[in-house]
Amino acid sequence: MGKDQQLTNLEQLFDCIGDAAAQKPDEKVSIDSIMDLIGRRSFGPLLLVAGLVILAPVIGDIPGVPSIMGMFVFLIAIQLLIGHEHFWLPNWLLERAISSEKLAKAVTWLQKPAHFIDKLIRPRLLIFVNGTAKYMIAIVCILIALMLPFMEVIPFSANAGGLALVAFGLALIAKDGLLALLSFILTGLTAWLIISNLF
């Protein structure tokens, strides 16, 4: 999978991330390296990566990781809304890195359900992923990004936020409007959980 080629499922994404880890054994893999492999023009794959980082065991449990991914999502979603075709991120964010060993372990763990999930997603209810709906997804993802720092102090809520990002990313990649609709509902439930715990 080369730069800016179109990803169509989870297995292809994990192949890219696995390649990023394999290229730097015993070193750290940066966000920049991963973006080089999955491309910098597609909103769906970048959302999917952010959500998977939050959900991944070992990685997602590191304090501050959900907040960093929140900043990542916020910046790319804002750029989508204002019409940028090539997503830009500041160097301090691109240089954030994790050990290739931890990344490889997370990919191995996540690959197990990937094949099953890929069989379930398919193009349908396109009204929820095309046109205006894509911008609505970006707005909801901005809200998730803003909530992620608060989610770190509420048990399991960051996982729900990560799951919503994964679902939106998959929905955009596979053009699966049903999955996008379910993601909107999950985001609403997550927001309710946070508000009820904070107030």
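Predicted model: local features only at pLDDT ≥ 70, side-chain atom pairs only at ≥ 80, totals over all residues.
Visitor: How many helices and strands does the protein have?
Guide: Helices (H or I, at least four residues) and strands (E, at least two) are DSSP runs, numbered from the N terminus. Along the sequence they follow the pattern α-β-α-α-α-α-β-α-α-α-α. The secondary structure comes to nine helices and two strands.

Visitor: What is the radius of gyration of the protein?
Guide: The radius is taken over C-alpha atoms, and the globule rule is 2.2 Å times the number of residues to the power 0.38. For 199 residues that rule gives 16 Å, and the protein is close to this, so it is as compact as a globular protein of that length; its radius of gyration is 16 Å.

Visitor: Is Phe 43 buried or exposed?
Guide: Buried means under 20% relative accessible area, exposed over 50%, and partly exposed in between (1.4 Å probe, protein chains only). Phe 43 has 2% relative accessibility, so this residue counts as buried.

Visitor: Which residue forms an aromatic pair with Phe 43?
Guide: Rings of Phe, Tyr and Trp (its six-membered ring) pair if their centres lie within 6.5 Å; planes under 30 degrees apart count as stacked, over 60 as edge-to-face and the rest as tilted. By this rule there are two aromatic pairs. The one with Phe 43 is tilted, at 6.3 Å centre to centre and 50 degrees between the planes, and the partner is Phe 87.

Visitor: Which helices hold Phe 168 and Phe 184?
Guide: These residues form an edge-to-face pair, 5.1 Å centre to centre with 70 degrees between the planes. Phe 168 is buried at a relative accessible area of 0%, whereas Phe 184 is partly exposed at 24%. The pair ties together parts that are 16 residues apart in sequence, because Phe 168 lies in helix H8 and Phe 184 in helix H9.

Visitor: Where does Lys 175 lie?
Guide: Lys 175 is partly exposed, with a relative accessible area of 37%. Not counting residues up to four places away in sequence, Lys 175 touches residues including Arg 122 and Leu 170, where contact means heavy atoms within 4.5 Å. Its place is the loop between helix H8 (157-174) and helix H9 (177-198).

Notes. Residues numbered from 1 in each chain as written. Heavy atoms only, no water.
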